[in-house]
Amino acid sequence: MSVQTPIYMDYAATCPVDERVLAAMLPFFSQHFGNAASRTHKFGWEAEEAVDKARNQIASVIGASAKEIVLTSGATEANNLAIKGVAEYLREKGNHIITAVTEHKAVIDTCKYLERNGCEVTWLPIQADGRVDLAELEAAFRPETILVSLMFANNETGVIQDVAKIGALCRARKVLFHTDAVQAFGKVPIDVEAMKIDLLSISAHKIYGPKGIGALYVRRRRPRVRLAPQIHGGGHERGNRSGTLAVPLIVGFGAAAELAQRDLADESTRILGLREHLRTRLTEEIPESIVNGSVDQRLPGTLNVSFSYVEGESLLMGLKDVAVSSGSACTSASLEPSYVLRAMGLNDELAHSSLRITIGRMTTQEEVDYVVDRIKENVERLREMSPLWEMVQEGIDLASIEWTAH
Amino acid sequence: MAYSDKVIDHYENPRNVGSLDKSDEAVGTGIVGAPACGDVMKLQIKVEDDVITEAKFKTYGCGSAIASSSLVTEWVKGMKIDEAEQIKNSQIAEELSLPPVKIHCSVLAEDAIKAAIADYRDKKKG
């Protein structure tokens, strides 16, 4: 069977809006266009009702109640609200936050901002498999610790943290636990009760919903979590986040959440099957290809793999009709290779050689096979061109060479 | 990021990929860059009567690095070594329309040809 190109395998970056989600959204643009905060007429009531339904659909995925969902513009805002909101509200109680070096920039840069403004932050290192060492977390708690922020699953590697154990450690010390669950939401089961999660950030566009809408789960009972709002105004979202609700986007978020929850078991099994097919073919057919991060503790659809002695951007350039992403420096503005892979102890060379491939709802086995064939061809071609590959074939240890850094 | 047509052409059809015998007296080898930085170029020249008769390269790096080294091997063939030494990175960058963030690739190619010539001269001095 032939495949249609270009092939999209970058679902961790974003997803197309599911047709069913789009259909649910459309009436809320020009037909049911009311302001959900208008209490005096039908237009407002319709909008409010639609928002309530969506709130329930979203809450249900994580075992929360609708009142615990604070809608935001996306997960970046949700992370900002969770971390700055707690730090500001609990200023009297303490000023210490624990997080990890491999968090998303939305968490890292928010913590760095707080560090410049009187907070102390412990940056946990990460183990080679991409997971936090729980003993290190335990040792990091102080009397003035107010918040632990550790992501559910990493965006570059797909590695999942032991969230339930982290939650238990935090709860035992009466420290709030925030998790950035953007990549995990709707992909793996999440239960905020069982996992003792107090705050959780999510985004619609990673689950086939629209861009521009996300949410922060804020626990209301045992303990009741309070936040200092970061966007002030009309007092929407129980004062936690002002601003007119984006009703069509919220409806889309709700519809996407419901589909994700309904199909979670079947879809994750199918996607895991494809991911394992991808992983097995790549590692068996391409010598010196290395999977980055734990193979078992990872999201079903995400694979991060390094092809030694081939630079990532040049590999992407050869994969013209395939959309994947790379941890190579050259694909970022900063010219630094992936900080996530570096933190896991990968040397720069392997970090430069990495690809992130993410499989999603629309991916087929034919597409996976096509992508493997193209990667294989290009890795072979580029290795023929690689002086490093030549040296290794000649038995030269690359570490023994004095390179001229530039 | 969009690549220029010339970069794509050199990436897809690289000129003079390969290796020369580095123990040959007439061959100069330059290896520049570092794996940690994401690019390493190996450029080799064969010299007869001060004229470069052959040039080969192997490059680990992005498309612009591959294109810069491929282009330089094309240029230096038939040049006197004194001329080849005058090649400036700005000429390479201009020919390939490299964006500012890729200028270091052309710098590396200039360094590579200079290193190959220096190696050849060292060998001749014995």
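**Entry 1: what kind of model**

I began by reminding myself that this is a predicted model.

**Entry 2: the elements of chain B**

I looked up the secondary structure of chain B and found 5 helices and 3 strands. Reading from the N terminus, I noted the order α-β-β-β-α-α-α-α.

**Entry 3: the dimensions of chain B**

Next I asked what radius of gyration chain B has. The value is 14 Å, and a compact globule of 126 residues would come out near 14 Å, so chain B agrees with the globule rule. I also took the spans of the C-alpha trace along its principal axes, which are about 45 × 30 × 20 Å.

**Entry 4: inside and surface of chain B**

How much of chain B is buried? I found that buried residues account for 52% of its 126 residues. For the accessible surface of chain B I wrote down about 5200 Å², with 49% of that belonging to carbon and sulfur atoms.

I then turned to the contacts in chain B between residues at least 6 apart in sequence. Of these, 61% join residues that are at least 24 apart.

I have 16 positive and 21 negative charges in chain B, and their mean positions lie 3 Å apart.

**Entry 5: aromatic pairs**

Over all chains, I have a count of 5 aromatic pairs. One of them joins Tyr8(A) and Tyr11(A), with 5.1 Å from centre to centre and 80° between the planes, an edge-to-face arrangement.

Are these two tyrosines buried or exposed? Tyr8(A) is partly exposed, at a relative accessible area of 29%. Tyr11(A), at 7%, is buried, because the cut-off for buried is under 20%. I also noted that ring pairs link Tyr8(A) and Tyr11(A) with Tyr208(A) into a cluster.

**Entry 6: a phenylalanine pair**

I moved on to Phe185(A) and Phe253(A), whose ring centres are 6.3 Å apart. Their planes stand at 75°, and because an angle over 60 degrees counts as edge-to-face, this pair is edge-to-face too.

Where do the two residues sit? Phe185(A) is in the loop between β6 (176-180) and β7 (199-203) of chain A, while Phe253(A) belongs to helix α8 (residues 247-285) of chain A. The pair therefore ties together parts that are 68 residues apart in sequence. Both Phe185(A) and Phe253(A) are buried.

Key:
Residues numbered from 1 in each chain as written. Chains lettered and ligands numbered in written order. Predicted model: local features only at pLDDT ≥ 70, side-chain atom pairs only at ≥ 80, totals over all residues. Heavy atoms only, no water. Helix = DSSP H or I, 4+ residues; strand = E, 2+ residues; numbered from the N terminus. Rg over C-alpha atoms; globule rule 2.2 N^0.38 Å. Buried < 20%, exposed > 50% of the residue type's maximum accessible area, 1.4 Å probe, protein only. Contact = heavy atoms within 4.5 Å. Areas by Shrake-Rupley, 256 points an atom, 1.4 Å probe, with all protein chains shown as cover. Lys, Arg positive; Asp, Glu negative; His and termini not counted. Charge placed at Lys NZ, Arg CZ, Asp CG, Glu CD. Phe/Tyr/Trp six-rings, centres within 6.5 Å; stacked < 30°, edge-to-face > 60°.
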